[in-house]
Amino acid sequence: MIARVTRPEGALARLREAWAVVVERFFTEETCERWTRGVCEARAEWTNDFDGEQFTLGRAFYTHFEEDKSRAYFADVESSDARVERHVPGLQSAMRDLVSHTTGGHVCPRRGWCGPGVHVFPAKHPVARRGGVVHFDTEGLVARHIERRSPAVTLVAMLRPPVSGGGLRVWDARYDGHDHATPEDLARPSTVITYARGDVILIDSYRLHQIQPFGGALDRISATVHAAEVDAGLWETWF
């Protein structure tokens with residue numbers, strides 16, 4: 001169900017046969033520590049989402065979409081990317097390169113959208129206590145893309161895992177036109193992906209998933225990039 005590899009090349013092909021692919025220890029401990037330190041030092045510039053349930057460095061589309069703040073997202077694209085680059089230099093380019101290695105395609109930033117960013121889920125807050133929302137990563141996909149089920153993926157790099165828990169549950173259930181999981185979806189088989197610092201998780205954007213509860217005093221910090229194939233071998237990325 002979960003494929004584990006040591007290199008990103010060919011991961012997209014493996015994803016066609018698995019619920020998720022984990023590229024183990026792709027980013028070094030030193031890189032993760034440097035980026036984590038930069039994220040923490042940038043706390044004053046985090047974006048507050050869902051009344052403090054989670055934060056981002058760089059604006060994430062899905063949080064703005066769900067909070068009816070899409071206008072703020074699109075008005076702040078350049079500044080968002082500048083904040084990320086200032087505090088975690090090289091992260092955005094590294095995540096886009098990762099998409100290229102994973103898909104084997106040509107990758108470019110999605111015009112007018114924010115580039116890769118960082119999610120912070122605070123320790124002892126609601127997501128830590130009860131887990132995240134069960135969801136698909138389809139908010140940023142255009143209707144035509146969804147109708148055709150054109151390839152789309154999410155890559156998550158674990159920069160600092162929590163002390164315990166916080167894995168990613170994935171279901172044997174894919175998006176079928178319903179934005180929210182149905183009881184039938186939730187009854188499908190599922191498994192929890194465990195990870196180490198530096199691991200990268202690749203999932204199909206149409207696959208149902210959820211962050212699991214976690215314990216300890218450390219925030220869960222991860223970098224994310226979404227990507228969609230918009231033409232044969234051409235992928236666009238955003239956050």
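## Strand pairing

Two strands pair if DSSP finds at least two bridges between them. In this predicted model, strand 6 and strand 14 (residues 220-231) meet that rule, pairing in the antiparallel sense over 5 bridges. Phe121 stands opposite Arg220 in strand 14.

Strand 6 also pairs with strand 4 (residues 54-57). That pairing is antiparallel too, over 3 bridges. Here Phe55 has Val120 of strand 6 as its bridge partner.

How many residues of strand 6 are buried? The count is 5 of the 5, residues 117-121, so strand 6 is largely enclosed by the rest of the structure.

## Nonpolar cores

The largest nonpolar core holds 37 residues. Within this core, Phe27 and Leu91 touch the most other members. Helix 6 (residues 91-103) gives the most to this core, with 5 residues. A second, separate core has 16 residues. Val77, Cys114, Ala152 and Trp238 are among them.

What does Phe27 contact, leaving aside its neighbours within four places in sequence? Its partners include Cys32 and Trp35. Ala94, Met95 and Leu98 are also in contact with Phe27.

## Ser93 in helix 6

Ser93 has its place in helix 6. Is Ser93 buried, partly exposed or exposed? Its relative accessibility is 36%, so Ser93 counts as partly exposed. The cut-offs behind that call are under 20% for buried and over 50% for exposed.

Ser93 and Gly115 lie 22 residues apart in sequence. In space, their C-alpha to C-alpha distance is 9.1 Å.

Key: Residues are numbered from 1 along each chain as its sequence is written. This is a predicted model: local features need pLDDT of at least 70, side-chain atom pairs count only at pLDDT 80 or more; totals for chains, interfaces and linings use all residues. Side-chain values use heavy atoms; hydrogens and water are left out. A nonpolar core is a set of buried Ala, Val, Leu, Ile, Met, Phe, Trp, Tyr and Cys residues joined through side-chain atoms within 4.5 Å. Buried means under 20% relative accessible area, exposed over 50%, partly exposed in between (1.4 Å probe, protein chains only). Helices (H or I, at least four residues) and strands (E, at least two) are DSSP runs, numbered from the N terminus. Contact means heavy atoms within 4.5 Å.
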